[in-house]
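Me: Hi! I'm new to this one and would like a friendly tour. Could you walk me through it?

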Amino acid sequence: MNAKGEEQSMRKKKAITLQHIADAAGVSVQTVSKALRGLTGVSEQERHRLFYMAQQMGYASKAQERAQTVEQIPLHSSKPYRFKLILPSRSSKANLMNPLLAEGLQQKMTLLGHTVEQLALPAEGKLSVEAWARLHQLEHYDGLFLAPMLDKESLEAILQYSVPQILIYFVKPGMRADSVIWDVGAAVRQSVEYLVQHGHHRILYIGDYLEEWRGFVLRWDAFVMTMREYGLTAAREDHMLRVRTTDRRSNMDEFAYMVRKMNITAVLCGVNYHLSWIYRACAENGIRIPEHLSLISLENTTNPSWPELSRPKLRIREAGARAAERMLWRIANPNAPYEHTMLQGDFVPGKTVMSL
């Protein structure tokens, strides 16, 4: 694009207003404003539609432009950048969240004129990480985004490359790369506090506990810490159903036994893919939610099967967008110290928690 074309493009983007978006979407300006500011009164589906439409039309608020200028994030680059989003192998459970993550990342980079290609790690035993990286020429990209739940060996191998990298990861202290991630610790704290405020003291945490995945460990640590701050006991052996197997029947039987034995009044599901068998176990044992048992689950988005579920919002899509900004910031500021960002969402009260 020549200089005149670039100038016209920039004027066009600046000319886009909330009214233009509202007219194109067939809604009011107030609805568009609420959606883009993250306020209540707009469904998740409608918020997503309007947000995407605003980005496609090139809308950026004055506050967004000021923030990007202050953080030295280039709004317009002299050349389009090419990035890779590195994903776990296709068999990983992390795939449940990666579409949201990739969407936020892609939308932000597309708006700024750059491209992001997705690339999954090879299945175990198929190809070494080094050979896989050479095959896909990772060193020739302008930067790499590393998605959650990459195995330790692959993560360490990829970090050896000298290109800019942003970890969308629960990093350990001392990792030499910038990171952006949604704050699961804050989400668990919000959940426990909400349950305690509604009179629940016998709370059961259900989730994986795999030390190699810091996100799972941080969930449990936040549960223990918040329970203790309220003077409640949370010893691992009697307040956590530690999911060790893919055998749903075993998990369901253990869940029903623990609820009865400990007189549990509320459950916090730390990983959303366990929610379906929790509901099934309740149905089989005559446990009604929330009349007999209150329930909160950490969800990636509104669950279509249980739209009225009480849940903290995990800012996964927003983490993708923020990771894009951090990548451009890192390229513009190659010698700046590493920074780690955690995004905290609001709590959605829903209708699956009942006061005692």
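Reply: Happy to. A cavity here is a set of grid points where a 1.4 Å probe fits but cannot get out. Please keep in mind that this is a predicted model.

Me: Which residues line the largest cavity?

Reply: Its lining is made by Trp-182, Asp-183, Ala-186, Ala-187, Gln-190, Lys-313, Leu-314, Arg-315, Leu-343, Gln-344 and Gly-345. Sorted by class, that lining has five nonpolar, three polar and three charged residues.

Me: And which element gives the most to that lining?

Reply: That would be α9, with three residues.

Me: What does α9 pack with, and at what angle?

Reply: Helix α9, residues 184-197, packs with helix α10, residues 214-229, at an angle of about 35°. Their axes are 8 Å apart, and the crossing is right-handed.

Me: Which residues make that contact?

Reply: From α9 there are Val-184, Gly-185, Val-188, Arg-189, Val-192 and Glu-193. On the α10 side, the residues include Leu-218, Ala-222, Phe-223 and Met-225. Taken by class, the contact of α9 with α10 has eight nonpolar, three polar and four charged residues.

Me: Let's switch to sheets. What is the strand order in the open sheet of six strands?

Reply: The order is β2-β1-β3-β4-β5-β11, and the pairing is parallel. From one strand to the next, the twist averages 20°.

Me: Why is one side of β2 and of β11 left without a neighbour in the sheet?

Reply: Because β2 (115-120) and β11 (340-343) stand at the edges, each has a single partner strand, and one side of each is left without a neighbour in the sheet.

Me: Can you zoom in on a pair? Over how many bridges do β4 and β5 pair?

Reply: Strand β4, residues 165-167, and strand β5, residues 178-182, pair in the parallel sense over two bridges. As one example to look for, Ile-166 has Asp-178 in β5 as its bridge partner.

Me: Which strands does helix α14 touch?

Reply: Helix α14, residues 316-332, packs on this sheet and touches β1 (82-87), β3 (143-146), β4, β5 and β11. The direction of α14 makes about 165° with that of β5.

Me: What about the open sheet of four strands, what order does that have?

Reply: Its order is β7-β6-β8-β9, with parallel pairing. At the edges are β7 (240-242) and β9 (294-297), each pairing on one side only. The twist averages 20° from one strand to the next.

Me: How many bridges pair β8 with β9?

Reply: Strand β8, residues 266-269, pairs with β9 in the parallel sense over four bridges. Within this region, Cys-269 stands opposite Ser-297 in β9.

Me: And α10, which strands does that helix lie across?

Reply: α10 lies across β6 (203-207), β7 and β8, and runs at about 170° to β6. Helix α12, residues 248-262, also lies across β6, β7 and β8, running at about 165° to β7.

Me: Last one: where does Ala-24 lie?

Reply: Ala-24 is in helix α2, residues 18-25. Leaving aside neighbours within four places in sequence, Ala-24 is in contact with Met-53 and Met-57. The C-alpha atoms of Ala-24 and Ala-54 are separated by 9.7 Å, with the two residues 30 apart along the chain.

Key
Residues numbered from 1 in each chain as written. Predicted model: local features only at pLDDT ≥ 70, side-chain atom pairs only at ≥ 80, totals over all residues. Heavy atoms only, no water. Axes fitted to C-alpha atoms, helices over the stretch in contact; angles between N-to-C directions. Left-handed = near helix turned anticlockwise from the far one by under 90°. Contact = heavy atoms within 4.5 Å. Nonpolar A, V, L, I, M, F, W, Y, C, P; charged D, E, K, R; others polar. 1 Å grid on protein atoms, 1.4 Å probe; cavity = no way out; pocket = protein on both sides within 12 Å on 5 of 7 lines; lining within 4 Å. Pairing = 2+ DSSP bridges.
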